[in-house]
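Dear colleague,

Please find below the structure that I am handing over to you.

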There are 2 protein chains.
Amino acid sequence: MKLYDGGRAPNPRRVRIFLAEKGISVPLVPVDMGAMEHRGGEVTSRNPLQRLPVLELDDRTVLTESVAICRYFDELQPEPPLFGRGALGKAKVEMWQRRIEFNLFQPVSHAFRHVHPAMKEWEKPQVPEWGEANKSKALDFLVLLDAELSLREFAAGDAFSIADITGLVAIDFMKPARISVPPELTNVTRWHGALAARPSASA
Amino acid sequence: MKLYDGGRAPNPRRVRIFLAEKGISVPLVPVDMGAMEHRGGEVTSRNPLQRLPVLELDDRTVLTESVAICRYFDELQPEPPLFGRGALGKAKVEMWQRRIEFNLFQPVSHAFRHVHPAMKEWEKPQVPEWGEANKSKALDFLVLLDAELSLREFAAGDAFSIADITGLVAIDFMKPARISVPPELTNVTRWHGALAARPSASA
């Protein structure tokens with residue numbers, strides 16, 4: 001088994017954090033996204049969408065999509081349960097994982113890709129007006145999330161889950177996207193600080 | 001338990017199809033999205049994101065996000081397994097559900113919301129250039145999907161899954177978004193025809 005990794009990019013980081021929280025070690029194949037290696041033959045032949053990470057099993061079966069790769073490992077090694085426990089617990093993790101992905105991670109990603117000059121070759125066409133519109137989408141959601149985080153420790157309940165991993169990665173991605181967490185959102189700041197202090201955050 | 005439903009909108013339809021495939025009946029509360037009722041107090045108090053569907057359990061617990069609601073019912077009633085079987089089967093369903101959601105369903109949705117005049121009050125700001133850019137994103141993915149569907153019956157393998165439901169809803173949503181499946185993509189057309197012929201499609 002080997003994991004084609006994309007270094008500092010947010011999706012590869014999601015999977016590395018997940019594996020660190022599970023205590024699972026997978027051999028990494030580094031791919032230099034800055035040098036556009038993810039568009040080369042080694043990645044493209046495995047993922048025609050040319051995105052990372054890509055997991056290749058020993059029988060050459062390929063899995064792509066960060067959350068699908070995480071779910072594969074969660075099924076192989078259920079403890080600790082990062083997708084929740086029980087029907088309602090699992091549904092709540094799915095709900096918050098998706099809410100954070102669609103209303104924070106994606107808007108931050110679009111704000112970065114459609115505005116940052118370094119992304120001109122990545123995002124065609126860059127639509128700066130769309131990028132700017134996403135900054136307020138992300139900020140609107142952070143207000144909602146802050147109210148939720150005043151009620152509990154983690155995004156989906158009292159236990160750490162993949163929803164928190166997506167949240168940590170999204171908030172760290174705000175820096176290159178030039179969006180700041182407003183200082184009055186003290187619950188988001190407390191939550192992000194606790195996630196960033198976990199050993200997995202540096203995976 | 002009750003399900004706040006949004007009629008013809010694609011996400012409420014995803015959940016109704018899923019429930020029909022499972023043979024599960026849930027009391028529906030109709031919400032007239034054309035009259036903007038999803039922004040009224042009844043929905044907003046349950047989902048501050050003002051989106052449908054919303055599932056309310058008997059103890060007033062609220063679940064939102066179509067796929068989270070589907071996963072809740074899948075956990076309560078695992079057969080037939082619409083999220084896959086076994087670690088690899090579940091990971092493949094997750095992979096294709098996400099690939100179809102991010103590369104077809106979302107682009108079609110953006111093409112509709114950012115271009116269609118009726119969406120002016122829904123999507124602020126409408127960015128027509130972004131809407132148009134999404135048409136080719138959707139078409140590019142359909143070419144990839146067509147090649148995959150030449151190898152197997154359903155999106156994620158030999159069994160029907162939630163990835164197919166997302167695909168059916170996305171392709172039907174292409175009509176109001178004014179995007180057509182190119183006639184040479186015969187595998188996509190065969191697949192869509194088979195999904196549309198299932199009794200669940202009219203749920």
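The secondary structure of chain A consists of seven helices and four strands. Helices (H or I, at least four residues) and strands (E, at least two) are DSSP runs, numbered from the N terminus. Along the sequence of chain A the pattern reads β-α-β-α-β-β-α-α-α-α-α. The radius of gyration of chain A, taken over C-alpha atoms, is 17 Å, close to the 17 Å that the globule rule gives for 203 residues, so chain A is as compact as a globular protein of that length. The globule rule is 2.2 Å times the number of residues to the power 0.38.

Please bear in mind that this is a predicted model, in which local features need pLDDT of at least 70 and side-chain atom pairs count only at pLDDT 80 or more, while totals for chains, interfaces and linings use all residues. Residues are numbered from 1 along each chain as its sequence is written, and chains are lettered from A and ligands numbered from 1 in the order in which they are written.

The C-alpha atoms of chain A fill a box of roughly 45 × 45 × 25 Å along the principal axes. Of the 203 residues in chain A, 45% are buried. A residue is buried if 20 or more other C-beta atoms lie within 10 Å of its own, exposed if 12 or fewer, and partly exposed in between, with C-beta atoms placed from the backbone. Two residues are in contact if their C-beta atoms, placed from the backbone, lie within 7 Å. Among the contacts in chain A with a separation of 6 or more, 65% are between residues 24 or more positions apart.

The sheet

Chain A has an open sheet of four strands in the order E2-E1-E3-E4, with mixed pairing. Two strands pair if DSSP finds at least two bridges between them. Strand E2 (28–30) and strand E4 (62–64) of chain A are the edge strands, each pairing on one side only. On average, neighbouring strands of this sheet are turned by 25° against each other, direction ignored; the axes behind such angles are lines fitted to C-alpha atoms, for helices over the stretch in contact, and angles run from 0 to 180 degrees between N-to-C directions. Strand E3 (residues 54–56) of chain A runs antiparallel to E4(A), and three bridges join them. In this region A:Glu56 stands opposite A:Val62 in E4(A).

The two chains together

In chain B, 25 residues are in contact with 25 residues of chain A. Strand E4 (62–64), helix H3 (66–76), helix H4 (86–115) and helix H5 (128–149) of chain B each supply at least two residues of the side that touches chain A. The largest share, eight residues, comes from H4(B). By type, the residues of this side of chain B are 15 nonpolar, two polar and eight charged. Here Ala, Val, Leu, Ile, Met, Phe, Trp, Tyr, Cys and Pro count as nonpolar, Asp, Glu, Lys and Arg as charged, and the others, Gly among them, as polar.

The nonpolar cores

A nonpolar core is a set of buried Ala, Val, Leu, Ile, Met, Phe, Trp, Tyr and Cys residues joined through C-beta atoms within 7 Å. The largest core has 104 residues, of which A:Phe18, A:Val108, A:Ile162, B:Phe18, B:Val108 and B:Ile162 touch the most other members. Leaving aside neighbours within four places in sequence, B:Val108 is in contact with residues including B:Ala138, B:Phe173 and B:Ile179. Another core, of six residues, lies apart from the largest one, and A:Val127, A:Ala133, B:Trp130 and B:Ala133 are among its members.

Details in the loops

A cis peptide bond, with omega about -15°, joins A:Glu79 and A:Pro80. A:Pro80 lies in the loop between helix H3 (66–76) and helix H4 (86–115) of chain A. In chain B, the peptide bond from B:Lys124 to B:Pro125 is cis, with omega near -5°, and B:Pro125 lies in the loop between H4 and H5.

A:Arg178 is not a glycine, yet has a positive phi of about 60°. A:Arg178 sits in the loop between helix H6 (162–173) and helix H7 (186–196) of chain A, and is exposed, with 11 other C-beta atoms within 10 Å.

Yours sincerely
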